[in-house]
Amino acid sequence: ATMRLLSEASPTVSLRHPESCTTFPVSITPAGFSEGMWIALFRPDTARRIPRVLHYAAQGDYEPFLDLTTARQAPRRRYYNAAHLSVACPEEVQFVTPGAIAETHAGTFMPEERALQYLEACKLWGLPAKPASLAPVISDVPTLLLSGDYDPVTPGRWADGVARTLRRSRSLHASDLSHESNGLSHAECLDSIFQDFLARPEPRRLDARCLARMRAPEFDMRP
């Protein structure tokens, strides 16, 4: 219902610039709304608010959506764009086709714009593809892989696939973990596991039972 409403007419809202404090109009497009929802899924403490956001957005009320930091603020950058494109373009993006993007996005709430923008950015960046990057890594180096079952970016099945050719690896799954751990109870479990692995890099002997105690917060169902 929400995406249909946005497709019929993109509402205009006012936002305040975080530095100049000036107010400016912004249209909420289907792509922008989907991006905000996707980024909210990165963290348990923002994912818990999604049902309430969708409930009100379906009625044409976007205030709960705008209350999300993912809607009002630019994404936190943990990398420089130049370095990011220098790795992502030759090793990943240049093997992706528009047809594959359309097939992957079919039946999901995410439009194709973000992936297509990567294709355009990599054309401008101009680095040649590296076919060797598609080959599986075969190694005896002790490796620990930890995935969240609610991760919208790097699903656990990817880690499981990588682990098949890493002979001394272990792929762990945390049922309530997203891409990040913000908002999870007993999140200190992650640090404990990492520290234990660094102190004794024997992944199969790690005690990972604390992962079962990690829980996401309850959904925000306020009226």
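Helices (H or I, at least four residues) and strands (E, at least two) are taken as DSSP runs, numbered from the N terminus.

I'm working on a predicted model, where local features need pLDDT of at least 70 and side-chain atom pairs count only at pLDDT 80 or more, while totals for chains, interfaces and linings use all residues. Residues are numbered from 1 along each chain as its sequence is written, and side-chain values use heavy atoms, with hydrogens and water left out.

**Entry 1: helix α11.** I checked the length of α11 (residues 188-199) to begin with.

Next I looked up burial (buried means under 20% relative accessible area, exposed over 50%, partly exposed in between; 1.4 Å probe, protein chains only). Cys189, Leu190, Ile193 and Phe197 of α11 come out buried. They cover an arc of only 105° around the axis (taken from the directions from the helix axis to the C-beta atoms), so they are on the same side of α11. The face turned away from that buried side has Glu188, Gln195, Leu198 and Ala199, which are exposed.

What lies over the buried residues? The cover, by contact (heavy atoms within 4.5 Å), includes β3 (143-148) and β4 (169-174).

**Entry 2: salt bridges.** I searched the whole structure for a side-chain nitrogen of Lys or Arg within 4 Å of a carboxyl oxygen of Asp or Glu. That gave 7 salt bridges. I noted some of them below.

- Asp45 and Arg43 pair at 2.6 Å, N to O. Asp45 is partly exposed at 24% relative accessibility, and Arg43 is partly exposed at 22%.
- Lys123 pairs with Glu120, with the closest N and O atoms 3.6 Å apart. Both are in helix α9 (residues 113-125), 3 residues apart, about one turn of the helix. An α-helix has 3.6 residues a turn, so residues three or four places apart point the same way. Lys123 is exposed at 62%, while Glu120 is partly exposed at 46%.
- Arg167 pairs with Asp140, with the closest N and O atoms 3.3 Å apart. This pair links distant parts of the chain, 27 residues apart: Arg167 is in the loop between α10 (156-163) and β4, and Asp140 is in the loop between α9 and β3. Arg167 counts as exposed at 54%, and Asp140 as partly exposed at 44%.
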